[in-house]
Amino acid sequence: MATVIVVTSGKGGVGKTTTSASFAAGLAQRGYRTVVIDFDVGLRNLDLIMGCERRVVYDFVNIINGEANLNQALIRDKRVENLHILPASQTRDKEALTREGVERVLNELRQNFEYIVCDSPAGIERGALMALYFADEALVVTNPEVSSVRDSDRILGILASRSRRAEQGENPVKEHLVLARYAPERADRGDMLSVEDVLEILGIPLLGVIPESPAVLQSSNAGVPVILEEDSDAGAAYSDLVDRFLGKNLPHRFITAQKKGFLKRLFGGG
Amino acid sequence: MLLRSPRFADENIPPFELKGSLFTLTVLHLFQLDRAAIERHLTEKVKQAPSFFNNTPVVIDLEGLVEPPNGLDGVDFNGLYALLRGHGMAPVGIRHGSPELQAAIRQAGLPILPDSRSAGAAKKTERPEPAPARSRIVNHPVRSGQQIYAPDGDLIILGAVSAGAEVIADGNIHIYGVLRGRALAGVKGDVETWIFCQSLEAELISIAGRYRISEQINLDPADRGKPMQIHLMDDRLVIDHLIR
């Protein structure tokens, strides 16, 4: 039985697409047949971050409209086996996403994949609502600042009231918190909210803390999911996040500021 | 002669006893103290229904009276009585009116009747008891952008109320979590309603329309994270510890 996971946040620019790319790549690396869908019709950039924008022929909207079949539109990732990408259309708008159409595509994908990751657009309009409607689980990406946390809270409310599971009265969508762009030193100084502050406000389990890292920008410019940059702190944090999602009990890293001594800097660690 | 004093009065049979009783009386609502105008109007009324004005007992009600701007000098209640008697009415007393008017009535030696509140209260008890209002229980946190309303009854939230969320009830509001959003109890005007929460960090609290926004709440920082209760006293919101 396939699991549909939405990566959502409410606010834009917090790291949804980065998280979708690395999360999907991480699941595939661990042997699960995984597809990641870009729901940001009109502003697609999952394919850029995944480094496959030049290979897009057909897209999500083509399939919904019956202009192509899934095999024509799905892009196989060249680096990670088991990973497929379903890109968004650059030339349509989000009204092209009909509930029946999305459901049909998801049902077809369920036949062939174990994990279906839906990369939601920002906002709470049609694109975001369609991305979360069929979800079984949700990664709610938030940054340690007040407006981002507020918008995530709003999205959690929508997940609890307007998803298919909520409407049908089934078990609620399982919620996971991903705290991205976290800088422990700045949280200690009070410049940003701390992990505890965010958890207290949102009250959902923490799946992972992704540190603020130059590696994220570098890898996204290079078209590589940062989880594949295994030596980077952000890559390691995403790797832990995927393991935790799959049931491993790992302590959270990158949540405390560390003064790096000379030896530590020399030998790495932390 | 009606009153005689026999030499040996029977002490076992009291000459009278006092008992309360209810009467239906005509009430004359007086609006002006203009003698000429009253007389003119009375004559007209008597012409319309002569049989009605046959020693009819009336109560004079001053509630709607517009008091003359030049004070109460020259106001003559005995004169008013005489005027009414002259038109076939038997005034039995006066009710309502400002303290000054009541003093003038007392000075004239006329009876003042109590307000008719008891009649309203008696009517209320006859009405069937309304069915007890059901409380609305919400077993999840209330998130930003959500609004939950409990009509006619209490609202019970098993979780936090986020900033940007709104919980509203005609009755009381109980929040088993942190209140960061807005809570409005007694929105139909019930001043007896309360708000309870496990920690008060609200954007707005309101009871029966009396409200305070966060910067007017002025909670002692030491009380942050403590269970609090909010109610109205003398038309002011009172915020207090839940457990003293």
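A salt bridge, for these notes, is a side-chain nitrogen of Lys or Arg within 4 Å of a carboxyl oxygen of Asp or Glu. I'm working on a predicted model, so everything below is computed from that.

**Entry 1: the A/B interface**

I started with the pair that needs that cut-off. Arg150(A) and Glu203(B) form a salt bridge, with the closest N and O atoms 3.9 Å apart. The pair counts because 3.9 Å is within the 4 Å limit. Between chain A and chain B I get a count of three salt bridges. I also looked up polar contacts across the interface of chain A and chain B, and the rule finds six residue pairs.

Next I asked which elements of chain A do the touching. Helix 7 and helix 10 (195-202) of chain A each supply at least two residues of the side that touches chain B. Helix 7 of chain A gives the most to that side, with six residues.

Then I went to the areas. Chain A and chain B bury about 820 Å² between them, and 37% of that is on carbon and sulfur atoms. On the chain A side, Arg150(A), Asp153(A) and Arg154(A) supply 51% of the area buried against chain B, more than any other three residues. The contact takes eleven residues from chain A and nine residues from chain B.

I also noted a network of salt bridges that links Glu200(A), Arg180(B), Glu201(B) and Arg224(B).

**Entry 2: salt bridges elsewhere**

A search of the whole structure gave me 23 salt bridges over all chains.

Arg44(A) pairs with Asp47(A), the closest N and O atoms being 2.8 Å apart. Are the two partners buried or exposed? Arg44(A) counts as partly exposed because its relative accessibility is 21%, while Asp47(A) counts as buried at 1%.

Arg164(A) and Glu170(A) meet in a salt bridge at 3.2 Å, N to O.

In chain B I took Lys188(B) and Asp152(B), whose side chains meet at 3.9 Å, N to O. This pair links distant parts of the chain, 36 residues apart. Lys188(B) is in the loop between strand 10 (182-185) and strand 11 (195-200), and Asp152(B) is in the loop between strand 6 (147-150) and strand 7 (155-157). Lys188(B) counts as exposed at 60% relative accessibility, and Asp152(B) is exposed too, with a relative accessible area of 56%.

Where does Asn143(A) lie? I find Asn143(A) in the loop between strand 6 (137-142) and helix 7 (146-162) of chain A. Asn143(A) is buried, with a relative accessible area of 7%. The side chain of Asn143(A) reaches the backbone oxygen of Val14(A) at 3.1 Å. Leaving out residues up to four places away in sequence, Asn143(A) touches a set of residues including Gly13(A), Val14(A), Ser148(A), Leu179(A) and Arg181(A).

Arg181(A) got its own look. Arg181(A) sits in strand 7 (residues 174-182) of chain A. Phi of Arg181(A) is near 60°, a positive value in a residue other than glycine. Arg181(A) is partly exposed, with a relative accessible area of 41%.

I checked Ala208(B) for its phi as well, and that is near 50°, again positive in a residue other than glycine. Ala208(B) is found in the loop between strand 12 (204-207) and strand 13 (210-213) of chain B. At 9% relative accessibility, Ala208(B) counts as buried.

**Entry 3: surface patch and chain A totals**

On the surface of chain B I noted a nonpolar patch of Phe23(B), Leu25(B) and Val92(B), with about 290 Å² of accessible area together. Val92(B) is found in strand 3 (residues 89-95) of chain B, and Val92(B) counts as partly exposed at 35% relative accessibility.

Chain A has 13 helices and eight strands. Of its 270 residues, 55% count as buried. Chain A exposes about 12,200 Å², with carbon and sulfur atoms supplying 46% of it. Among contacts in chain A with a separation of 6 or more, residues 24 or more positions apart account for 74%.

Technical notes: Residues are numbered from 1 along each chain as its sequence is written. Chains are lettered from A and ligands numbered from 1 in the order in which they are written. This is a predicted model: local features need pLDDT of at least 70, side-chain atom pairs count only at pLDDT 80 or more; totals for chains, interfaces and linings use all residues. Side-chain values use heavy atoms; hydrogens and water are left out. Patches are made of residues with over 30% relative accessible area and no salt bridge: like charges are joined within 9 Å, nonpolar side chains (Val, Leu, Ile, Met, Phe, Trp, Tyr) within 5 Å. Accessible areas come from the Shrake-Rupley method with a 1.4 Å probe; for residues, only the protein chains shown count as cover. Helices (H or I, at least four residues) and strands (E, at least two) are DSSP runs, numbered from the N terminus. Buried means under 20% relative accessible area, exposed over 50%, partly exposed in between (1.4 Å probe, protein chains only). A polar contact is a pair of N or O atoms within 3.5 Å; within protein, one must be able to donate a hydrogen and the other to accept it, and residues adjacent in sequence count only if both atoms are side-chain atoms. Contact means heavy atoms within 4.5 Å. Buried area is the accessible area (1.4 Å probe) that two parts lose on being put together, summed over both.
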